[in-house]
Amino acid sequence: MALLEINNLQTSFFTDAGEVKAVNGVSYSLERGKVLGIVGESGSGKSVSAYSVLQILAGAGQILEGSSVVVDGQELVGAGENVLRTIRGNKISIIFQDPMTSLNPTYTIGHQIMEAILLHTDRTKEEARERTKELLTLVGINEPDKRINQYPFELSGGMRQRIGIAMALACEPDILIADEPTTALDVTIQAQIIDLMISLQKKLGMAIIMITHDLGVIAQICDEVIVMYAGSICEKGSADDIFYNPKHEYTKGLLRSIPTSSNSGKKLEPITGTPIDLLNMPKGCPFAPRCQNAMKICINNCPELEEVGPNHFAKCFINLKEAIEKGEVEVEEAK
């Protein structure tokens, strides 16, 4: 049985301008010890899908009926706050993308890490303090006896991010959600954080959901990858499938925009247009207005997520067109 099962997750924000469907029918599963990458540009619904799992949405956010989030056999949608408190930080932890805003500047590092330990375990205050020092050492923080009494503003960005990871690992969660953990860091520190997460994942055996817009990070750490656009999944498969055999035009566009040794010195090819307005979703494929290969069917019809290979799924009519041209699918079947 999968550790995490998400079925038809729908999350909307109800604003004065109307309903914003931030997550629209997302389904996926996560097994123990696996690393799942969720990638897409800003506004694609990556972070909101993760916040929906923990139900830490802003006041206007609401998970709609028909959604299901099952963690280790327990349904979280509709569960009471007391149940959710036993899950957050205990079974599932999250690393937020900006540690300067997620850490409380008025409390010491030690206080903030110890809080989770004291809340979810039966350790004494002294035992929690020793556990905090162990965690700081685990994530590569030097002089833990000194750091434990310091405040977030006294540390560098890289060290603050390591503190965020230590807080997330405090109760040895089964699932770690990393919400763009390297976005605010320079390239050298990014590499250190990614190496740290890989080593911790192997050492602790936890499952990780890595949320990022950086495909380079995804390539290093993930077993499976989900590509999101306009609140829904447009492609999902293994890392090899996504990088070497992409089947959705949006995925192909993301890959073309990555600087590599093969396109060194050449102008990068960005995806044209702007992200979709979630308040005014088109009738057909959400990516059609920006797709260079859009067909008439794409404008008026929204494709379904279809299997295009073993455990490889994509939501794109171009795959159907190619299948018809190869004689793999009859025109009558396509209708």
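I began with a term: buried means under 20% relative accessible area, exposed means over 50%, and partly exposed lies in between (1.4 Å probe, protein chains only). I also noted that helices (H or I, at least four residues) and strands (E, at least two) are DSSP runs, numbered from the N terminus.

**Ground rules.** This is a predicted model, in which local features need pLDDT of at least 70, side-chain atom pairs count only at pLDDT 80 or more, and totals for chains, interfaces and linings use all residues. Residues are numbered from 1 along each chain as its sequence is written, and side-chain values use heavy atoms, with hydrogens and water left out.

**Helix α4.** I looked up residues 109–120. Which residues of α4 are buried? I found I109, G110, Q112, I113, M114 and I117. These buried residues pack against α5 (125–138), α6 (144–147) and α7 (157–169). In an α-helix there are 3.6 residues a turn, so residues three or four places apart point the same way.

For contacts I used heavy atoms within 4.5 Å. Beyond four places in sequence, L4 is in contact with residues including Y28, S29, V53 and I209. S29 sits in strand β2 (residues 18–30). S29 is partly exposed, at 34% relative accessible area. S29 and A2 are 27 residues apart in sequence, yet 6.3 Å apart in space, C-alpha to C-alpha.

**Strand β11.** I moved to residues 232–238. Why is β11 largely enclosed by the rest of the structure? Six of its seven residues are buried, so the strand is largely enclosed. Two strands pair if DSSP finds at least two bridges between them. β11 pairs with β10 (residues 224–229) in the antiparallel sense over six bridges. I226 has K236 as its bridge partner. Two residues lie between the strands of this hairpin, and A230 takes a positive phi near 55 degrees. β11 also pairs with β13 (residues 312–314), antiparallel, over two bridges. There E235 stands opposite A314.
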